[in-house]
Amino acid sequence: MAAGVAAWLPFARAAAIGWMPVANLPMPMAPAEKSKRQDELIILNVSGRRFQTWKNTLDRYPDTLLGSSEKEFFYDEETKEYFFDRDPDVFRCVLNFYRTGKLHYPRYECISSYDEELAFFGIIPEIIGDCCYEEYKDRKRENAERLMDDQEDNKDSKQPNVTFRETMWRAFENPHTSTMALVFYYVTGFFIAVSVITNVVETVPCGATPNQKDMPCGERYTVAFFCIDTACVMIFTVEYLMRLFAAPSRYRFMRSVMSIIDVVAILPYYIGLVMTNNEDVSGAFVTLRVFRVFRIFKFSRHSQGLRILGYTLKSCASELGFLLFSLTMAIIIFATVMFYAEKGSTSSKFTSIPASFWYTIVTMTTLGYGDMVPKTIAGKIFGSICSLSGVLVIALPVPVIVSNFSRIYHQNQRADKRRAQKVQKARLARIRISKTGTSRPFLHSKRNGLPNEALDLTGSIEEGNHQGAAISLLESQHHHLLRCLEKTTNHKFVDEHLYEQNCLEGALQSYPSHSPSLSSSGSLTGTCCSRRARKSSHLPNASAPPGPLCGLQELSAVHIQHSDRPPLSTSRSSLNLMPKEVLCKTNCKSSQITAAIISIPTPPGTTPDGDGHTPSSPSSQTTVSSNIVKVSAL
Amino acid sequence: MLTTVWETEGLQTAGIVVIVCASLKLLHLLGIINFSEDSVEDELEMSTVRHRPEGLEQLEAQTKFSRKELQILYRGFKNECPSGVVNEDTFKDIYSQFFPQGDASTYAHFLFNAFDTDHNGSVSFEDFVMGLSILLRGSVQEKLNWAFNLYDINKDGYITKEEMLDIMKSIYDMMGKCTYPILKEETPRQHVEIFFQKMDKNKDGVVTIDEFIDCCQNDENIMRSMQLFENVI
């Protein structure tokens, strides 16, 4: 329960008086406080700095060190204070958590020391308030990655026996591991550069011989260029095959971007080799040569910055997409407007809307070639609006891309936020579990609660103490409040599991349910295995159940009650139920199956009727045994 | 020819209109001119209600709590509501924490009205402590009086079946839906019927304060449960 809310528990209990006149049943006894303790001040000495607080403040969280009896280990008899040899600055945050119910993370604090302190005091970091949680998670992630990097470095240095394949792969990925790898790295880099330069120079017109027109160098020195190209492609092919051999997962390697670039870079050459000098396919061949320029992307293996640029563009894909979309919208709008504005003028270049696209794009990107200009006044007005808005629209995503670039240099923003979202869900789930934990302890204590309810009847406090020691006074008072509510409404709290099972049964049993009559006349039913009584009372009223439906009922009833269910207890209006309850406790396990069997519409089914109302242990025993026989028959 | 001239002129006018509107909007955006009469500062000054309770001595005299108990109560109260008053939402919030399985807001609403004796929409520490004094330290008569006041939603001195049904539904709401036996629609209604059968002596369809107190005093269970929370503080 939250901190301050514990202070309101007395109020909630007092307000429960409002239910009393409405309840039909007597209320359970209140848990007695063992001694009327005055609230006392506790002194906590943390490395010399003294903190003082009320004992009740610390008791709010009984599952932490300070809230439980664990702090007694730190009690100093002479000075009558609790001494902790820990950091007083972090302790301030810890103590504020008890006071306000919110745990804060101070930014100046180192994340690992903070985590250690939290672990020492038994506080889970998930409770950190929303105000500080993002910061905490960011720092934690950075720390974790730093640790991972350190580990990787260590791992690289010490590796006694690895296969040749793995050494090769590591050499490819990280050229600084060995001199051989470095040499290979530089050689491939050199050849990539050579190949790219060759492609460029190929198209430059060389000096022409007097009697021939200007020819590009490629056609003049065909053989030389062909030799250089062959050499480069051979190197690239060898490199690609070696990478393919060394890759730990060949399939994944083949799907990766870099290998696709490699393949695209060398494929045109081989296709060119295969194809003959056929006139009709030479056009396609020329197109293929364009792909040779992709060799320049192979440089991205060599340059960290290029990779980061690639990641940046990938990560701000949505911003780029939005930019493109908004630009398209603006272009269409302005092109349409310009077209209709310029329609009137003679010899206008704006012949159609798609023709106006060109003008719009050139204007919006502030290029302004001048090949298309508006002549009418309206056209000029709209043209100026177009160029002004173009500046704004283009300038907007640039800072985003820049900031992403710098951020990706440290972390990938998008992937981290997604991971944080997942953790957020897990964290919310944990907090929800701990919150619904307030209902769980109540239901748990009800299951173990037969001794507790026994003490209600006999009114003996001593046994209650034995049970109550396990749960704090606060908890027991809260449970008492919930029990009062149960008594007022004559319904019991159950958890979702049981509720769903009940729903299932309720849906199957299409007879008018008799639960209100049973529940409102709570003083009549006294068996702890009320399930038995309830089912048996349904049968006589089932005048003519359809056969298959009944069969279905039995089967499903058997199926449902297979799980280990706690005995559900109803009211305790009569003291003489005590022995029967004890008996039922041992019986109830088996009665889960027997209760199902009772739904068989056989004459012996009427005997549980009698059992349900007369507390006679021997007859219930025989019923159990006779029903056990029925189990095997089924 | 004429139509094209008209078109161009029309478009020119349209262009000029667009420019004028855009510039006006820009100026309005920059805050240089204002169109409407209301002020630019729309942000309400959320006046923080601060309430200081009466002195300890006065409260001691008015309620049946000792000084120490009042101190403890006030500390808890102030911790949860630093402004000194509880408004209905905070009240519902706090009360709901005790009943995680159901919806305690309706009952909390009735409870709030019962505590807010001067009906000003907020419960101050005095209201809180007075209410608690009646509930925990008051005589049985006073407690029954308070309960009657709680049930009588419109405070007209009679509990009608509708009022009782509202209260009953709100109590059953607190149970939530995961109950055994499963809550049916008519359960609160039946409970109200039982209540009226017991309480309404002259069968006129309403329960007056005298009928209520008489009936409760004659009922063993109710009397016993009224004493239940004697030592809560």
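This is a predicted model: local features need pLDDT of at least 70, side-chain atom pairs count only at pLDDT 80 or more; totals for chains, interfaces and linings use all residues.
Colleague: What should I know about the numbering and the model before I start?
Modeller: Residues are numbered from 1 along each chain as its sequence is written, and chains are lettered from A and ligands numbered from 1 in the order in which they are written.

Colleague: How many strands does the open sheet of chain A have, and in what order do they stand?
Modeller: Strands (E, at least two residues) and helices (H or I, at least four) are DSSP runs numbered from the N terminus, and two strands pair if DSSP finds at least two bridges between them. In chain A, 4 strands form an open sheet in the order 2-1-4-3, with mixed pairing. Strand 2 (49–54) and strand 3 (75–76) of chain A each have a single partner strand, so they stand at the edges and one side of each has no neighbour in the sheet.

Colleague: How do I read the pairing of strand 1 and strand 2 of chain A?
Modeller: Strand 1 (residues 41–46) of chain A runs antiparallel to strand 2 of chain A, with 6 bridges joining them. Within this pair, Leu44(A) is opposite Phe51(A), and Asn45(A) is opposite Arg50(A). The two strands form a hairpin with 2 residues between them, where Ser47(A) takes a positive phi near 50 degrees.
In a regular strand the side chains alternate between the two faces of the sheet.

Colleague: In what sense does strand 1 of chain A pair with strand 4 of chain A, parallel or antiparallel?
Modeller: That pairing is parallel, over 3 bridges, and strand 4 of chain A covers residues 81–84. Asn45(A) has Phe83(A) as its bridge partner there, and Val46(A) has Phe84(A).

Colleague: What joins strand 3 and strand 4 of chain A?
Modeller: They pair in the antiparallel sense over 2 bridges, and Asp76(A) has Glu81(A) as a bridge partner. These strands form a hairpin with 4 residues between them, and Lys80(A) in the turn has a positive phi of about 55 degrees.

Colleague: Which helix packs on this sheet?
Modeller: Contact means heavy atoms within 4.5 Å. Axes are lines fitted to C-alpha atoms, for helices over the stretch in contact, and angles run from 0 to 180 degrees between N-to-C directions. Helix 3 (residues 88–100) of chain A packs on the sheet and touches strand 1 and strand 2 of chain A, with its direction at about 5 degrees to that of strand 2 of chain A.

Colleague: How do I read a salt bridge?
Modeller: Side chains of opposite charge can pair when their charged atoms come close. The rule asks for a side-chain nitrogen of Lys or Arg within 4 Å of a carboxyl oxygen of Asp or Glu. Over all chains the structure holds 25 salt bridges. One of them joins the side chains of Asp89(A) and Arg49(A), at 2.8 Å from N to O. Asp89(A) is in helix 3 of chain A and Arg49(A) in strand 2 of chain A, so this pair ties together parts 40 residues apart in sequence.

Colleague: What area do chain A and chain B bury between them?
Modeller: Buried area is the accessible area (1.4 Å probe) that two parts lose on being put together, summed over both. For chain A and chain B this is about 6200 Å², of which 71% is on carbon and sulfur atoms. In chain A, the residues that lose the most area to chain B are Trp8(A), Phe11(A) and Ile17(A), together 13% of what that side buries.

Colleague: How many residues does each chain bring to the contact, and how many salt bridges cross the interface?
Modeller: Chain A brings 74 residues and chain B 68 residues.

Conventions:
Side-chain values use heavy atoms; hydrogens and water are left out.
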